[in-house]
Amino acid sequence: LLVRVPCCVSPPPPLFQEVYFKNLSKQKQKEVMEKNGNNHKLRVCVATCNRADYSKLAPIMFGIKAEPQFFELDVVVLGSHLIDDYGNTYRMIEQDDFDIHTRLHTIVRGEDEAAMVESVGLALVKLPDVLNRLKPDIMIVHGDRFDALALATSAALMNIRILHIEGGEVSGTIDDSIRHAITKLAHYHVCCTRSAEQHLIAMCEDHDRILLAGCPSYDKLLSAKNKDYMSIIRMWLGDDVKTRDYIVALQHPVTTDIKHSIKMFELTLDALISFNKRTLVLFPNVDAGDKEMVRVMRKKGIEHHPNFRAVKHVPFDQFIQLVAHAGCMIGNSSCGVREVGAFGTPVINLGTRQTGRETGENVLHVRDADTQDKILHALQLQFGKQYPCSKIYGDGNAVPRILKFLKSIDLKEPLQKKFCFPPVKDNISQDIDHILETQSALAVDLGGTNLRVAIVSMKGEIVKKYTQLNPKTYEDRLELILRMCVEAASEAVNVNCRILGVGISTGGRVNPREGIVLHSTKLIQEWSSVDLRTPVSDALHLPVWVDNDGNCAALAERKFGHGKGIENFVTLITGTGIGGGIIHQHELIHGSSFCAAELGHIVVSLDGPECLCGSQGCIEAYASGIALQREAKKLHDEDLLLVEGMSMKKEEVVSAAHLIQAAKLGNTKADSILRTAGTALGLGVVNILHTMNPSLVILSGVLASHYVNAVKDVINRQALSSVKTVDVVVSNLADPALLGAASLVLDYTTRRIY
């Protein structure tokens, strides 16, 4: 494929460009345009070798074709695309309305490793003539196939810049060696995951020429909403098949151990026959050993078996729908560990071909599939399950990033590659100055009054915040959460933020392992036994974490506030209610039934005022905003609240703020109520000190500054001498609930390889 990018000032860009490219520095873009020459279009050659790489290249091709004022596109087709045994898949390129500039027959028929070598040699003989005619500015090469190695070698030797897609990844077989060889030949790199980016940096590639974009196929996967998927399923598997009640099988030979991979394929087919479910079997790739695998299929009668459908090729749009609604996918294709995770479809990965790939929780690995029973047991474990959707390999916005990256290439820069030898840069974030993206979380705070959603950066900066009144019913509330999250996720692209996941802070008792609100506070109605993780994850195709608002406040302090680096501390929220969280040995305590740190319900008096929980004498019954409002109303009803300097309108609702104001202006009764509240809170803190012995107590919330001195006084009077040295401070975080919800995501996704 050939692409040209004009580097002159163009007419007003269409909406597509405005949305995705407006963050590109205008000055930088102008400089690149001037260097490359006015009215010049960047010429990019992209050659596609097989059905798999076309599924990744097609979204880029469509993006290039949509911007003729920037690009010119030529398509070169070679490899198995042109072989009848593999479905003549070049036809799908024509059906997508791409003009094929050149067809190169490069596959040498054979069943051993020598045929692959000869195919590379044949491609090397034919490609120079094509590249001489096309004279591209840049060639896009995908993946790790032997055909791609021939493409990269030809382009490098002919001084053509190379953009390599999906470099830096790790898998089994000879593919690893080919992929890394192409990396060393390539001038620019587009990778799909953070770990792939780190591998490229460790391989001494220039960090400024690496783009972490995600997998281009995810742009299509995450936008696939074909409601007529049943017609596709029936077309390929029969009229009597139901969703989640069939299997997709795709297995390729492992070229470094052909005999073992053939044996494994036999065992897989035997297990599938025994499992007795309708199965779509796709023919393997063109590799040494592929013909033997086809013979095994025919020997076992797969093509005529009533439960099986054997096909050479399925168009990618239809393949998406088939795997999205399958009961299971089995084999050793990279599609199983990469693309299928976007739908949460169960996958059984057989053998070593994908060893080292990052996978979602939907993948069950059977590394040593040496018996039929082992594979059959894996089918019994996986079939029919539904896992959370995973976006490890992309967020649906790869193509806009790649097009922006192409436009930034300065053709006047020296062609010779520069390698960045150790030490490697410590900064793992994207630092290409015109494509800078910030790792971020989508944070949701579900309060008694408001529902807030924010984009929060790794440094705790709230990039964008949305606020709505919290609806009273479950249906309206969930609908609003999804709508606000989708809006925020879309806006994240505009502000150059990469959303790693969604964190939700909510009142009540929460099971964080399942993402379920078990019991709600009385402030949030219709909010018990609510599964929050599933609908949000399904809508956004992102991992989701849920926790109690008090726990989130503690996490916020641990990551962004006074608790940073502190091994043991307690956070107390003083607001409408009283809540909190406990950090012990740097970890959050949830308790055996997720009821730990209900600090507002520590009893400090046996005959105290009634609490909303039904008990008496809780801290919350004395020191919460609701308790202070209750006492303020009593004073107001007795005309004992207002003092000189205060005034209230008739329609104004009496609140805790009025009580605090009255106390400051000399109202002794109001002052006495506040002192009692502070004493109750202080006694609760003393109980916490005697139980947990933290080194720090953080008071958070709107009332914290009014209570801090009273709490310190009670500690000095009532606490054991061994705990009196504890520090008591007021939080300096403006939005602890949102920041805590964000830290649920950021701590997890940066602690693991993501």
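1. Cysteine 613 lies in the loop between strand E24 and helix H20. In this predicted model, cysteine 613 has a relative accessibility of 45% and so counts as partly exposed. Setting aside neighbours within four places in sequence, cysteine 613 is in contact with His601 and Cys618.

2. Histidine 601 is found in the loop between strand E24 (587-588) and helix H20 (619-623). Its relative accessible area is 28%, which makes histidine 601 partly exposed. Not counting residues up to four places away in sequence, histidine 601 touches Cys611, Cys613, Cys618 and Glu620.

3. An unreviewed UniProt entry annotates His601, Cys611, Cys613 and Cys618 as "binding site". These residues are spread over 18 residues of sequence, yet they cluster in space, with a largest C-alpha distance of 8.8 Å.

4. Strand E24 also belongs to an open sheet of five strands, in the order E24-E23-E22-E25-E26, with mixed pairing. E24 and strand E26 (727-730) are at the edges; each has a single partner strand, so one side of each has no neighbour in the sheet.

5. The pairing of E24 with strand E23 (residues 578-584) is antiparallel and runs over two bridges. Here histidine 584 stands opposite glutamate 587 of E24.

6. Two helices are to be noted against the sheet. Helix H23 (residues 668-692) lies across strand E22 (569-574), E23 and strand E25 (696-700), and runs at about 160° to E22. Helix H24 (residues 704-718) packs on the sheet and touches E22, E25 and E26. The direction of H24 makes about 170° with that of E26.

Technical notes. Residues numbered from 1 in each chain as written. Predicted model: local features only at pLDDT ≥ 70, side-chain atom pairs only at ≥ 80, totals over all residues. Heavy atoms only, no water. UniProt positions renumbered as here; feature names shortened; annotations may be inferred. Helix = DSSP H or I, 4+ residues; strand = E, 2+ residues; numbered from the N terminus. Buried < 20%, exposed > 50% of the residue type's maximum accessible area, 1.4 Å probe, protein only. Contact = heavy atoms within 4.5 Å. Pairing = 2+ DSSP bridges. Axes fitted to C-alpha atoms, helices over the stretch in contact; angles between N-to-C directions.
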